[in-house]
Amino acid sequence: MSKYELPAFPVSRLRRLRRTAALRDAFAETRLDRRTLIYPLFIMEGENVRNAIGSMPGIYQTSIDNALRECEDLVSLGLNSVLLFGIPNEKDDRGTAGYAADGVVQRAVREIKTRFPEMLVITDVCLCEYTSHGHCGVIADGTVGNDETLELLTNQALTHARAGADIIAPSDMMDGRVGRIRAALDAEGFAEIPIMAYSAKFASVFYGPFRDAAGSTPQFGDRKSYQMDPRNGREALREIALDIQEGADIIMVKPALAYLDILRSARSEFSVPIAAYNVSGEYSMIKAAAERGWIDGEKAMMESLYSIKRAGADLIITYFAKEAAELCDR
Ligand code: PBG
């Protein structure tokens, strides 16, 4: 019998398994596990800094000391993974602060790994938080130069690895960066450090609140010459295939909610682990509607996270991680 030749009503009554909460829980096809949630942290210079981000209620820019306090909270909630973004004091046109051995992220990694050796510390590799112009690479001939940028990204990845990062996550969308970073890590004794590639990263308006948080809005133009066109699904699979060829251990689809189709096709085409980035705008929209009483924020959060899992994500990077931890399946 094919799966569509079901016995007809009244023999088939799909409501039977929906009758009680116990039945629904027993037959839920998708689970949310706290160990698969990754919480982003925005790290600033200074001491005892904790700046609320206006467009992301509940999310803060913190100095390293307060980031350690965040980690304590995370661990007590059963969360064990963070993704670090740095906000340097000084920016320049080559993003020098991004690959300084004692840069803010490099120091944060060292301190977090010293205090919480079991914690999974993932670092975002990209220049946009560190460049004065806010682009993800260096400017060459009036555009973001691809090959000129690769060396700087490689340096950044190496400083993260030397600081003790567990996973390196390039988010810049330059061609060939995964291969270059892999080769450099291998050559410098970091053959065991995995790369989580932001492979299908779209030029999305949903990054708006993040750019407030990271101070990384491009000062001219936009990111469309390096991030993907939201209209393209097949091209996303090519990006993913190339990153896997270049050595990515984990691939990512970003944003998540407007791109669930990409997640689903990536899941069926490839056998590598897949991460999805439930981005800032996706977070803020739910927060804003909930603040106005237009939507139940907690339920909207859980429904979104389950949809991302159901579409095929193994890991979810989300600003909701702490709130969701309390409601995860256990
Ligand atoms: C850096 C980077 C961005 C995000 C993650 N890494 C911003 C961008 O590309 O403009 C967005 C994350 C979010 O919106 O939550 N390149």
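Student: Why does aspartate 249 count as partly exposed?

Tutor: This is a predicted model, and in it aspartate 249 has a relative accessibility of 34%. Buried means under 20% and exposed means over 50%, with partly exposed in between. So 34% puts aspartate 249 in the partly exposed class.

Student: What makes arginine 182 and aspartate 249 a salt bridge?

Tutor: Their closest N and O atoms are 3.8 Å apart. The cut-off is a Lys or Arg side-chain nitrogen within 4 Å of a carboxyl oxygen of Asp or Glu, so the pair qualifies. Arginine 182 sits in helix H5 and aspartate 249 in the loop between helix H7 (234-246) and S10, so this contact ties together parts 67 residues apart in sequence.

Student: Is arginine 182 called buried or exposed, and why?

Tutor: Buried, because its relative accessible area is 12% and the limit for that word is under 20%.

Student: How do you know that arginine 267 and aspartate 314 form a salt bridge?

Tutor: Their side chains meet at 2.9 Å, N to O, and the rule asks for within 4 Å. Arginine 267 is in helix H8, while aspartate 314 is in the loop between helix H10 (297-311) and strand S12 (315-318), so parts 47 residues apart in sequence are tied together.

Student: What makes glutamate 188 and arginine 162 a salt bridge?

Tutor: The closest N and O atoms are 3.3 Å apart, and the requirement is within 4 Å. This pair links distant parts of the chain: glutamate 188 belongs to the loop between H5 and strand S9 (196-201) and arginine 162 to helix H4, 26 residues apart. Glutamate 188 is partly exposed at 43%, and arginine 162 is partly exposed at 47%.

Student: How many salt bridges does a search of the whole structure find?

Tutor: It finds 15. There is also a network of salt bridges, linking Arg50, Glu70 and Lys322.

Student: Which residues gather in the patch of negative charge on the surface?

Tutor: Asp141, Asp147, Glu148 and Asp175. Patch members need over 30% relative accessible area and no salt bridge, with like charges joined within 9 Å. Take two of the members. Glutamate 148, in helix H4 (residues 146-163), has 42% and is partly exposed.

Student: What is the phi of aspartate 141?

Tutor: Phi is positive, about 55 degrees, although aspartate 141 is not a glycine. This residue lies in the loop between strand S6 (139-140) and strand S7 (143-144). Methionine 173 also has a positive phi, about 70 degrees, without being a glycine. Its place is the loop between strand S8 (167-170) and helix H5 (177-187).

Student: Why is methionine 173 called buried?

Tutor: Because its relative accessible area is 4%, and buried means under 20%.

Student: Where are cis peptide bonds found?

Tutor: One joins phenylalanine 9 and proline 10, with omega about 10 degrees. Proline 10 is in the segment before helix H1 (21-26). Another runs from lysine 254 to proline 255, with omega near -10 degrees. Proline 255 falls in the loop between strand S10 (250-254) and helix H8 (260-269).

How values were computed:
Residues are numbered from 1 along each chain as its sequence is written. This is a predicted model: local features need pLDDT of at least 70, side-chain atom pairs count only at pLDDT 80 or more; totals for chains, interfaces and linings use all residues. Side-chain values use heavy atoms; hydrogens and water are left out. Patches are made of residues with over 30% relative accessible area and no salt bridge: like charges are joined within 9 Å, nonpolar side chains (Val, Leu, Ile, Met, Phe, Trp, Tyr) within 5 Å. Accessible areas come from the Shrake-Rupley method with a 1.4 Å probe; for residues, only the protein chains shown count as cover. Lys and Arg count as positive and Asp and Glu as negative; His and the chain ends are not counted. The place of a charge is taken as NZ of Lys, CZ of Arg, CG of Asp or CD of Glu. Helices (H or I, at least four residues) and strands (E, at least two) are DSSP runs, numbered from the N terminus. Buried means under 20% relative accessible area, exposed over 50%, partly exposed in between (1.4 Å probe, protein chains only).
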